[in-house]
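Student: Please take a close look at one part of this model, the place where the two chains meet. I would like one connected account of it.

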There are 2 protein chains.
Amino acid sequence: MIGNLNSILLENAVDELAKLPGIGRKTALRLALHLLRKEETAVFDLGEALIRMRRDVRYCPRCHNITEEPLCPICSSSRRDPKIVCVVENVKDVITIESTHEHSGLYHVLGGLISPLDGVGPSDLEIESLINRVEEEKIQEIILALSPTMEGDTTNYYIYRRLEDKPVQVTVLARGLSIGNELEFTDELTLGRSIINRIPFLNKS
Amino acid sequence: MIGNLNSILLENAVDELAKLPGIGRKTALRLALHLLRKEETAVFDLGEALIRMRRDVRYCPRCHNITEEPLCPICSSSRRDPKIVCVVENVKDVITIESTHEHSGLYHVLGGLISPLDGVGPSDLEIESLINRVEEEKIQEIILALSPTMEGDTTNYYIYRRLEDKPVQVTVLARGLSIGNELEFTDELTLGRSIINRIPFLNKS
């Protein structure tokens, strides 16, 4: 344990840093003492960047991605295909999928997954606005790109049921072997699924 | 790599967080997105705590520990023995040694170690003020509690030479086996030193 730090200011900074995920009190103390040795302007820049980000970041009214513009850069880009919309859990997943350069359409950020255990229902998420988009924007394909977990599958199913009678194709990310992983270290569920969903060799589709 | 984050504010926050030691850009992004989901007041509290700590923390004029008081709580405590002063590299070491509850005297924080390779000489550290304290405060024992490294040993030796002709006993922390560690995993230098400095069994001193 960390004893008395002799300074309420240091103590406060450590307390606040230790609230961050994955940062315990020992790491928080190390970070605070690091900042104490830095220029005052450097610490001011860090504090201000965090405060300004939280205060001024806006969300795209269409896809709920973060942005500072009236529409996010992806929604307002003329090079993206507005007929294909990829549904993701959060902003980080937009960044992750963008880094693959394999999705040329738009996004829809749900802001979470349905999780009855955590008290998160469909009305807590941006699902209604997704249904509206499908109706208003003539979307042809909805790609469900949620995590392959209980919550992800529940949310996938809920959205699928809500879109069942709409003229839109609903697809889901392929599940199978991770590229580069040994077969013997793949879990049975994934391996079984990859057998069921096997595809023709050299299939380019 | 992390692609375009769609938001300059987020990008800034990630850049600033990634400057912290041990925090890469992926972790920085995770922290920033965590903060985006938090209450605005919570993020304000964090940013302000860091800025205020750096701006308002003062150093004890006697031992150079951090404090908000005219003298630090250790220097101003009547229950500490002012005749024994423990010399440490930095503020964190004061906290570490305090947590052992084995030192009842005062401290002297050098603010670093002599390191010619890094361009840190004796005049960059609080060594002159230590010599002055020895002369003015009738200190009887100086405990050198620096890391057992090249820099720590160099600094130990420099301070020892500066205090050689003063009426003060200079001691250094014992080096030997770590309690709870297997003998076979102790490095040879430490093991050799622990043989040379062996002490009578059941010696309580």
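Tutor: In this predicted model, 48 residues of chain B are in contact with 49 residues of chain A. On chain B, the side that touches chain A draws at least two residues from each of helix H1 (8-18), H2, helix H3 (40-56), strand E2 (66-67) and helix H4 (91-98). H3(B) gives the most to this side, with 15 residues. By class, the residues of chain B on the side that touches chain A are 27 nonpolar, ten polar and eleven charged.

The same surface serves both copies, since 100% of the contact residues of chain B recur in chain A.

One helix pair between the chains can be followed in detail. The crossing in which H3(A) passes H2(B) is right-handed. On the H3(A) side the contact is made by Leu50(A), Met53(A) and Arg54(A), and on the H2(B) side by Ala32(B), Leu35(B) and Leu36(B). Five of the residues in this contact of H3(A) with H2(B) are nonpolar, none is polar and one is charged.

Within chain A, helix H2 (residues 25-37) also packs against helix H1 (residues 8-18): the two axes come within 8 Å and cross at roughly 125°. That angle makes H1(A) oblique to H2(A). The crossing of H1(A) and H2(A) is right-handed. H1(A) brings Leu10(A), Ala13(A), Val14(A), Leu17(A) and Ala18(A) to meet Arg25(A), Ala28(A), Leu29(A), Leu31(A) and Ala32(A) of H2(A). The contact of H1(A) with H2(A) has nine nonpolar residues, no polar ones and one charged.

As for the chain as a whole, chain A is divided into domain 1 (8-55) and domain 2 (81-173). The centres of these two domains of chain A, taken over C-alpha atoms, are separated by 36 Å.

Terms used: Residues are numbered from 1 along each chain as its sequence is written. Chains are lettered from A and ligands numbered from 1 in the order in which they are written. This is a predicted model: local features need pLDDT of at least 70, side-chain atom pairs count only at pLDDT 80 or more; totals for chains, interfaces and linings use all residues. Two residues are in contact if their C-beta atoms, placed from the backbone, lie within 7 Å. A crossing is left-handed if the near helix is turned anticlockwise from the far one by less than a right angle, and right-handed if clockwise. Helices (H or I, at least four residues) and strands (E, at least two) are DSSP runs, numbered from the N terminus. Ala, Val, Leu, Ile, Met, Phe, Trp, Tyr, Cys and Pro count as nonpolar, Asp, Glu, Lys and Arg as charged, and the others, Gly among them, as polar. Domain bounds come from an automatic or database domain assignment. Axes are lines fitted to C-alpha atoms, for helices over the stretch in contact, and angles run from 0 to 180 degrees between N-to-C directions. Angles under 35 degrees count as roughly parallel, over 145 as roughly antiparallel, 65 to 115 as roughly perpendicular and the rest as oblique.
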